[in-house]
Amino acid sequence: MKAIFVIAIIILIFIVIFQIARTSEFISTLRGEEKTRKQSNKINAYLLLAFMILGLVAAWYCNKILYPKTLLHIESASEEGKHIDLLLWINIILTGIVFIITHILLFWFAYKYREQDNKKAYYFPHDSRLELLWTTVPAVVLTVLIVFGLKFWFKITGDPPKNALVVEITGKQFAWEVRYPGKDGVLGKKNFKLFNQPAGNNLGVDFEDPESWDDIHVAEMHLPVGRPVKLVINSMDVVHDVGLAAFRMKMDAVPGIPTTMWFTPIHTTEEMRKMTGNPNYLYEISCDQMCGNGHFSMRGIIVVESEADYNAWLAKQTPEYYSLFPDKNPNNKPAVVAPATDSSKTSTPIAAVLPAKP
Amino acid sequence: MSSVVTAPDTTGHVHDAHHDHAHQESFITKYIFSQDHKMISKQFLITGIIWAMIGGLFSVLFRIQLGFPNETFPFLEDILGHWAKGGKISPEFYYALVTMHGTILVFFVLTAGLSGTFSNFLIPLQVGARDMASPMLNMLSYWFFFAASVVMISSLFLQTGPAAGGWTVYPPLSALGDASPGSRMGMDLWLGGMALFIVSSLLGGLNYITTILNMRTKGMSMTRLPLTVWAMLFTAVLGVLTFPVLFSGVLLLLFDRNLGTSFYLSDIVIAGKILPNEGGSAILFQHLFWFLGHPEVYIIILPVMGVVSEILSIYSRKPIFGYLAMVGSLFAICILACLVWAHHMFVTGLNPFVGSIFVLLTLLIAVPSAIKTFNWLTTIWRGNIRFTPASLFAIGFVSMFISGGLTGIFLGNSAIDIHLHDTYFGIAHFHLVMGVAAFFGMFAGVYHWFPKMYGRYMNNTLGYIHFWFTLVGAYCIFWPMHYEGFAGMPRRYYDYQNWESFKMFGGLNEFISIVAIITYAAQLLFVINFFYSIWKGRRVKDTNPWKANTLEWTTPIKPGHGNWVGEIPEVHRWPYDYSKDGHDFIPQTTPIGKDESSH
């Protein structure tokens with residue numbers, strides 16, 4: 001009943017608008033088309049001017065409300081991300097100036113040069129100097145942007161520092177899996193054909209390879225603050241993307257083609273909570289490449305903590321090899337089946353979207 | 001009957017066959033299997049409008065989910081059945097909507113609906129030809145498009161739904177039925193539909209190029225062509241060069257899906273099953289896709305640039321500023337368009353050096369774009385501007401093109417793209433610069449050439465209301481999205497509420513959704529106006545209602561098949577002699593006076 005009512009009202013509104021429009025056409029025929037045309041010309045010219053002024057005010061107001069929500073006022077949480085922020089600001093300022101100037105010109109010209117009886121348009125087909133001007137000025141500005149951009153691009157995509165921590169992250173529908181290389185600093189070999197869910201080998205790790213024996217497999221990434229980290233990125237199924245908005249980093253996870261990305265976290269999760277004023281703040285890994293129905297829920301978490309906390313956390317983790325084959329564990333301790341159990345330090349709620357380890 | 005219209009002699013002998021010809025035409029040959037370029041153009045336009053309503057409606061539906069993720073709307077279940085159980089759109093359907101919205105608007109509306117309409121309508125009329133070089137291929141072009149439409153529409157009615165992997169259909173998601181329900185039959189129909197679509201586009205494009213190069217009337221040198229025709233020439237060239245590459249990409253994907261090949265597949269475990277494919281590259285598809293996909297956005301925007309150049313000049317009563325620079329910048333854009341595709345792939349693990357080349361080439365496009373923008377501004381400077389819905393939409397186009405174009409400078413710079421890639425910043429960018437801007441140009445064109453198409457005017461008041469709602473609405477929808485992008489908010493999410501980093505934009509999403517619904521409703525005013533005016537609009541009494549110089553206004557008010565009753569007129573000057581030497585306008589057919597300098 002309510003739906004019918006709503007539909008009736010909407011149809012009514014359309015009919016009213018339509019009738020007004022039709023009537024205005026009759027009136028214009030009665031009053032003389034030329035006169036009506038001149039009047040509507042004037043109204044539209046003023047409206048264009050009003051749109052420009054109100055539009056610029058609205059843009060300012062929009063900025064006032066939304067800018068704090070973007071968290072751009074808090075510096076990037078990674079050292080390398082600061083370059084991106086700087087470049088972003090250079091772009092915002094330069095394009096902002098161009099945007100305002102061109103829009104003022106566009107709407108001011110439209111208003112100023114509206115049709116008037118006593119005026120004639122000026123025959124002005126070309127002017128080489130003007131055209132040269134707006135070929136060279138954009139070209140120079142763009143050169144500056146390209147130089148800055150490429151300088152930062154090569155820095156960010158260049159080789160990571162030697163002391164970088166290596167962590168592997170693998171995307172699959174719809175979760176992230178994290179693997180640490182363990183004491184030897186080398187990740188054990190993988191082969192997707194070794195994937196065996198019932199046996200708990202979800203990443204296809206080659207356990208014949210001794211380098212895999214100390215590798216740690218967890219669902220939540222922990223990183224020490226201030227130390228560069230190199231992520232080795234894989235996918236088990238479709239194309240995913242490791243999106244780290246707070247660090248200003250992003251890299252696709254492509255099945256069969258491992259990719260890498262490195263950055264240096266400079267703020268711990270706790271510090272970010274203070275800076276954002278949000279006690280629940282978390283570094284989140286968002287999947288930024290459409291990967292299926294659960295794409296929007298493919299959420300991972302990174303905990304950035306002090307070196308000491310990180311080492312303490314790491315020491316508590318049991319290598320996956322020993323979890324899967326407890327009899328091989330020289331310490332002969334009872335195996336910990338679920339690796340990512342230590343959340344006492346960070347009080348991080350483990351997201352419901354993360355899969356339970358088998 | 002094709003012999004009647006394939007007499008494209010520019011020598012100018014009397015061609016009046018269409019008089020008696022009109023009597024021979026049956027309903028079917030006149031309205032359905034017509035070979036008249038004007039009728040084919042109307043077929044493209046009306047099919048495009050229907051597609052635009054469907055594609056727009058899809059965006060309204062997914063905006064309902066984005067704006068009101070916690071509410072249920074029982075009427076949705078009444079309409080959509082199991083796609084919206086309990087009045088809430090399911091994720092599967094949400095992704096199907098997003099995918100089909102993109103596919104429909106990019107290809108079916110803004111490529112076929114736009115080029116199909118204006119290239120078909122304007123090329124013969126403005127170059128002075130009786131019809132296209134091959135009216136038969138032209139008719140086939142529409143019917144291949146129609147077949148593509150039927151295939152694409154039918155995918156909406158599958159149990160597993162239409163394609164749902166995004167309009168870019170990246171494999172392996174699109175290659176494996178187990179990866180997404182939309183990648184089952186829906187994806188095969190998507191690929192089949194696109195293959196037919198590409199055939200249609202090529203038939204059209206070859207025809208446009210041939211007609212422009214070979215069938216210009218006497219005196220119509222290339223430098224006397226209106227900018228609309230130049231723009232359509234470059235558009236057609238781009239399409240002919242790049243659509244076949246997409247075709248190869250589509251074909252290989254069909255093989256991977258149905259014949260067990262591994263072009264795009266390697267190292268995959270899906271739904272607990274280890275696939276045998278090895279050695280393929282998912283990135284290969286992205287190269288093939290974007291080799292068309294990027295020129296595609298210029299295939300959308302170039303014709304509109306031509307239309308807007310023409311309209312701004314006519315309604316300002318001034319020549320277009322810098323004609324040669326306008327043609328040159330179209331040419332530069334056309335070349336660069338083919339050399340920048342990998343800027344969509346900066347974060348795929350692309351070699352950083354290759355990336356840097358693409359940064360350079362991408363940002364170069366800003367130069368011809370800036371030339372065009374400033375030339376448009378100079379065109380209206382010191383003009384005597386008449387505000388009709390057509391000229392208002394043309395001015396709106398320039399505004400949208402600037403707003404959306406400037407953000408392209410952010411995204412083309414690979415370092416910034418790392419942060420902004422696949423966020424709402426990208427959505428805001430391309431919707432403004434090629435979505436809204438292209439629609440504005442298309443509206444401008446329809447309002448302007450409607451009298452030539454149907455011999456009647458569209459209602460001005462409705463046009464004004466339509467313009468103001470659309471202008472304000474488009475900015476309210478897309479401007480705030482830049483901020484969501486700055487925060488890194490990813491595209492194509494069904495729900496943001498579980499994300500600590502993005503959930504603060506819930507209120508904004510609701511606002512955007514409400515504005516989107518209102519703006520969509522405002523488009524219905526255009527549709528009503530369009531169809532009402534075809535039959536009931538005010539009649540055109542003057543052959544040249546806008547006092548324009550180009551050749552289409554030298555034809556009868558409702559030209560028959562063959563366009564001109566007598567000889568095809570001879571052209572003596574460029575089409576932009578407005579306000580020259582005290583004359584308001586001087587049509588192209590007027591010989592140059594003794595003391596007059598040609599522009």
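Q: Leaving aside its neighbours within four places in sequence, which residues is B:A438 in contact with?
A: In this predicted model, B:A438 is in contact with B:L110, B:L114, B:I300, B:I301 and B:V304, once its neighbours within four places in sequence are set aside. A contact here requires C-beta atoms, placed from the backbone, that lie within 7 Å.

Q: Why is A:Q173 called buried?
A: A residue is buried if 20 or more other C-beta atoms lie within 10 Å of its own, and A:Q173 has 23, so the term applies. This residue is found in the loop between strand 1 (165-172) and strand 2 (175-180) of chain A. Beyond its neighbours within four places in sequence, A:Q173 is in contact with A:D237, A:V238, A:C291, A:G292, A:G294 and B:A179. The C-alpha atoms of A:Q173 and A:M236 are separated by 8.2 Å, although the two are 63 residues apart along the chain.

Q: Why is A:E25 called partly exposed?
A: The count for A:E25, which lies in helix 1 of chain A, is 19 other C-beta atoms within 10 Å. Because a residue is buried at 20 or more and exposed at 12 or fewer, that count falls in between, and A:E25 is therefore partly exposed. With its neighbours within four places in sequence left aside, A:E25 is in contact with B:N459, B:T461 and B:R538.

Q: What makes helix 16 of chain B largely enclosed by the rest of the structure?
A: Of the 31 residues of helix 16 of chain B, 29 are buried, so the helix is largely enclosed by the rest of the structure. This helix, residues 424-454, bends by about 45° at B:H448, and the proline B:P451 follows within four residues. Just after the helix, B:G455 takes a positive phi of about 70°.

Q: How do you know that the span of helix 17 of chain B agrees with its number of residues?
A: The expected span is 1.5 Å times one less than the number of residues, which for the 19 residues of helix 17 (residues 460-478) gives 27 Å; the end C-alpha atoms are 27 Å apart, so the two agree. Because 15 of those 19 residues are buried, helix 17 of chain B is also largely enclosed by the rest of the structure.

Q: How many residues of chain A are in contact with chain B, and which helix gives the largest share?
A: In total, 103 residues of chain A are in contact with 107 residues of chain B. Helix 4 of chain A supplies the largest share of the chain A side, 16 residues. By class, that side divides into 59 nonpolar, 27 polar and 17 charged residues.

Key:
Residues are numbered from 1 along each chain as its sequence is written. Chains are lettered from A and ligands numbered from 1 in the order in which they are written. This is a predicted model: local features need pLDDT of at least 70, side-chain atom pairs count only at pLDDT 80 or more; totals for chains, interfaces and linings use all residues. Two residues are in contact if their C-beta atoms, placed from the backbone, lie within 7 Å. Helices (H or I, at least four residues) and strands (E, at least two) are DSSP runs, numbered from the N terminus. Ala, Val, Leu, Ile, Met, Phe, Trp, Tyr, Cys and Pro count as nonpolar, Asp, Glu, Lys and Arg as charged, and the others, Gly among them, as polar. The bend at a residue is the angle between axes fitted to the seven residues ending there and the seven starting there.
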